[in-house]
Amino acid sequence: MESVQLARILSCCKLSTLAPPKSLVFRPSTQLSFHHLLRSLPNLKLTAVVRSKKSGNGPVEEEKRAVRLDLDRDVSGSVIGLNLIPTSGDLEVIDTKVDVATVTKDEDEEIIEEKAETRVTYSIVFVTAEAAPYSKTGGLGDVCGSLPIQLANHGHRVMVVSPRYLNGTSTDENFSRVFDANKRIKLQCFGGEQEIAYFHEYREGVDWVFVDHPSYHRPGNPYGDSHGAFGDNQFRFTLLCHAACEAPLVLPLGGYAYGEKCLFLVNDWHAGLVPVLLASKYRPHGVYKDARSILVIHNLAHQGVEPAASYKNLGLPSNWYGALEWVFPTWARTHALDTGEAVNILKGAIVTADRILTVSKGYAWEITTVEGGYGLNEILSSRRAVLNGITNGIHVSEWDPSSDKHIPFHYSTASLSGKVQCKTALQQELGLPIKPECPLIGFIGRLDYQKGIDLIHWAIPELMGADVQFVMLGSGDPLYENWMRSAENTYRDKFRGWVGFNVPISHRITAGCDILLMPSRFEPCGLNQLYAMRYGTIPVVHATGGLRDTVENFDPYAGGGSGEGTGWTFSPLTKDSMLNALRTAIRTYKDHKSTWEGLMRRCMQKDFTWENAAIQYEQVFEWVFIDPPYVN
């Protein structure tokens, strides 16, 4: 039997007498890492053996006492050591044995040493404009609030850097456990020195670092208010990028700084200056030479474009203007004398990052096309060799039909009866006729052009002619908000429109509907179709981006006639194409119950966890350190 031998002399004021060497038994030991010990803490059974001197001709007397193994943490909550604490009395010698593996049946048999699995770990720094639960407007907040925790569970050291938003509402409570890190630094940008402060919280194995500056303290969301986008967003996110580059060097989190060998994950244009700063400001002076950066594009439509004259404010060397230089095509210029010259922060990140990721494989391809590239398709195509896509995950504990606190009945693949009850309860809550056999179609999302809301608008009169019910939840364009209210009055027994957003209602719609409709023009990843499949609600989606990646088109003849697939995709993006896909889904629901049940079970068994996404990210981490920095 292999054992780990831990010996420690504990004495308040004197050294004790050790037993003679011949009375001690030594066995082969296996070294365990600190993380292994941490994982093993709940199962450790420690026995303290205190040996006294030999009394007369009798045997050596031994007394066993219990020992408690405690964690030693610093003020931030980081684990910095282990303590062996006696439960009572003065413990003199501790001979603690932690069984690792039984490899022999007899002590005389040869001991076979099993090598522990090795894992490469990294110091990872996420830079983002939002991270749930502290700040969130969409999928970016979900990713940067969930993926870091999953990577920390894999043994990586993870920091997330984002602004400390304070807008005078209840959301400020999200920062109630964040404390001042007592570190102020001055950043050189926008024509002078800008002083920022760092705040910190250690939670779920992650260092959550917040950059504090008065420009982050105002009503509205992270990017704007009811009057539109903030006019100083370039200034606000330039501060974020400079502060993020300094954080691993100046913040002694958990007792020591992250240091220069970091992996920066920069998200969208708000963090896009980070790889440019690494290449232009730090590496020429010998700093961050072993660091790497990965650009994660969540939505290419937003690029951080500002007038060319603003380049001098970014704190970059003048000879690096070409990295951010951007010229609008003639048709996009405002007037005949407009030269179209600008700076494009996202473009700068694309040409300086070591690797580029998007939030789905389909979107990684789409952004290299003229239709989906928003003017950056040629530059992205030139970097196709380092461009990959990884589908986002979902919170499987929050979105779980077997335990969801927001739905009235629970169900699983073993028993689907609760879904029918959820549908009946939703119809009753919305005031619709209770008709279990009538297909209930749902839509959850923003009411804007990207989400294809105009197609739904034009298709509803024709769709309402069939035996179906339709429920919509969302807000956005006032034109479509008013249309939803009008449609509810026109089709009283078939249509319901909930203007606004409500988390419990979104869960109940996801659980109660039979079909979820997503006719998005483009969708980098999409989350609602993942939630729907988790709840056995069949998605009907436009074949674009992450929707095409995650929804497998149903084939009733595959699998020996039992069918394969998890929903229906349609293309091109037209009203007729969408209605044809919906009619096929409706017909399958009504006429082929066993087939529909198979669809539901396949959807619910899909793995869209953050664990799966984290494993794919780790593969990219390995690739990025194989080669030297892209811009050295």
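The chain has 17 helices and 25 strands; helices (H or I, at least four residues) and strands (E, at least two) are DSSP runs, numbered from the N terminus. This is a predicted model, in which local features need pLDDT of at least 70 and side-chain atom pairs count only at pLDDT 80 or more, while totals for chains, interfaces and linings use all residues. Residues are numbered from 1 along each chain as its sequence is written, and side-chain values use heavy atoms, with hydrogens and water left out.

Of the 632 residues in the chain, 51% count as buried, where buried means under 20% relative accessible area (1.4 Å probe, protein chains only).

Six strands form an open sheet in the order 22-21-20-23-24-25, with parallel pairing; two strands pair if DSSP finds at least two bridges between them. Why is one side of strand 22 and of strand 25 left without a neighbour in the sheet? Strand 22 (495-499) and strand 25 (568-570) stand at the edges and have a single partner strand each, so one side stays without a neighbour. From one strand to the next, the twist averages 15 degrees.

Strand 20 (residues 440-444) and strand 21 (residues 469-474) run parallel and are joined by five bridges. L440 stands opposite Q469 in strand 21.

Helix 15 (residues 575-591) packs on the sheet and touches strand 20, strand 23 (515-518), strand 24 (538-542) and strand 25. The direction of helix 15 makes about 165 degrees with that of strand 25; axes are lines fitted to C-alpha atoms, for helices over the stretch in contact (heavy atoms within 4.5 Å), and angles run from 0 to 180 degrees between N-to-C directions.

Definitions and conventions. Buried means under 20% relative accessible area, exposed over 50%, partly exposed in between (1.4 Å probe, protein chains only).
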